[in-house]
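Colleague: Before I use the labels on this model, I would like to hear what stands behind them. Please take me through the terms one at a time.

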Amino acid sequence: MEAYKRWVRSNKDYVHSLESLANGLTWLLPERFSASEIGPEAVTTILGIITAINEHIIDTTPIQKGRGSSEPNPFPYSLCISALKDLETLVEVVAQQYYGDDKKWNFIAITEATKVLVRLALFRNSGFKMLLHGGETLNVEKPSDNSSSEHRVGGFPGPGGNHGPGYLRNPEGRALSALNRFGENARMISQPSWLHRIQQQQSIMEPPTLVVERPTLSSVLFEKGVNGALFVVGEVLCITRPLIYVLLIRKYGIRSWIPWFLSLGVDFMGFSFLSLVTKSRHGGQEKDFFDLSVSEKDELKRRKLLWALYLMRDPFFSKYTRQRLERTGKLLEPVPVIGFLTEKLVDLVIGAQTRYTYMSGS
């Protein structure tokens, strides 16, 4: 296994090219959207899981000795979520084949519930950070380049640290600075020169690891108040939305407007909470927790774009979108090549709509 990990990490571009080619070819497999599609879907699922494993190996590449890898949690949450998403479609196909259209939603609900539990565990263990791509991408902050944090001892600036304006102009600052210089000089005098050189080499080879305390739910609610509660509620709504949607379809049916509207309402409410608390920072109240990183801002944009999937979900798709697609296909049918490609594209969209739209957007 270690040899395979080394090979994947040293041939990332080659692995990505093979994965893209293989995943693209699966859409051309015969019987992909026919009555008996267990075989092609099983191939797609296996390729998807292999891709998820390779991505996990690449993402957890050790950066530098003493700093560990980019995986902040011992349990591979991102890999588990990716594998569940790839497995879910196969579960649906098998359940539909052997249990029918109505009972398949029981199995889909179990799979969605498992994904929700894993995502909630990841949300908690990550210190209540926003989940990127439903938890499939690690939300790991890059270490800050703050020089003052590298020279702090016991919460006070060390001898080489940068002091704030006016630090040496007050008695406490001058006293602490004198004590630090005295302690440092005494330590250097008492230590042999060869030991001092070894310690300097070790400090260069092994940078100190910064231990960051992970926020808890109580600390988030205590420090951020209402905004912290709204952030947590908004993220939980985004996590649980697919399960709510599937349970409503199981109760009311895929043709009912109730699951469609309630799912859209949950999506809108969760996104509104997140947007409200992240924008409240400009009012001068929140400056730390809701200062979003670039990847988190991109995640909010991605979630907003995913609202377009409601055009592909029943009953909206059956009543409006499908008619527009079929009308466009007939309009372009007389055109050579373009008409043929449009027809195949419409068939793919209609086939994919039955499998990949209700669970997407998370």
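Colleague: How many helices and strands does the protein chain have?

Modeller: The protein chain has 11 helices and 2 strands. Helices are DSSP runs of H or I with at least four residues, strands are runs of E with at least two, and both are numbered from the N terminus. This is a predicted model, in which local features need pLDDT of at least 70 and side-chain atom pairs count only at pLDDT 80 or more, while totals for chains, interfaces and linings use all residues. Residues are numbered from 1 along each chain as its sequence is written, and side-chain values use heavy atoms, with hydrogens and water left out.

Colleague: Why is I46 called exposed?

Modeller: Exposed means over 50% relative accessible area, buried means under 20%, and partly exposed is in between (1.4 Å probe, protein chains only). I46 has 51% relative accessibility, so I46 counts as exposed. I46 is placed in helix α3.

Colleague: What makes the nonpolar surface patch that includes I46?

Modeller: M1, Y4, W7, Y14, L18, I46, I50 and I53 make this patch of about 790 Å². Patch residues have over 30% relative accessible area and no salt bridge; nonpolar side chains (Val, Leu, Ile, Met, Phe, Trp, Tyr) are joined within 5 Å, and like charges within 9 Å. A salt bridge is a side-chain nitrogen of Lys or Arg within 4 Å of a carboxyl oxygen of Asp or Glu. Accessible areas come from the Shrake-Rupley method with a 1.4 Å probe, and for residues only the protein chains shown count as cover. Helix α3 gives the most to the patch, with 3 residues.

Colleague: Why is E299 called buried?

Modeller: E299 has a relative accessible area of 2%, and therefore falls on the buried side of the cut-off, under 20%. E299 is placed in helix α9, residues 294-305.

Colleague: Which backbone nitrogen lies 3.0 Å from a polar atom of the E299 side chain?

Modeller: That is the backbone nitrogen of H133. Beyond its neighbours within four places in sequence, E299 is in contact (heavy atoms within 4.5 Å) with M130, L131, L132, H133 and G134.

Colleague: Which residues have the most contacts inside the largest nonpolar core?

Modeller: They are F123, F231 and L300, in a core of 21 residues. A nonpolar core is a set of buried Ala, Val, Leu, Ile, Met, Phe, Trp, Tyr and Cys residues joined through side-chain atoms within 4.5 Å. The largest share of this core, 7 residues, comes from α4.

Technical notes: A polar contact is a pair of N or O atoms within 3.5 Å; within protein, one must be able to donate a hydrogen and the other to accept it, and residues adjacent in sequence count only if both atoms are side-chain atoms.
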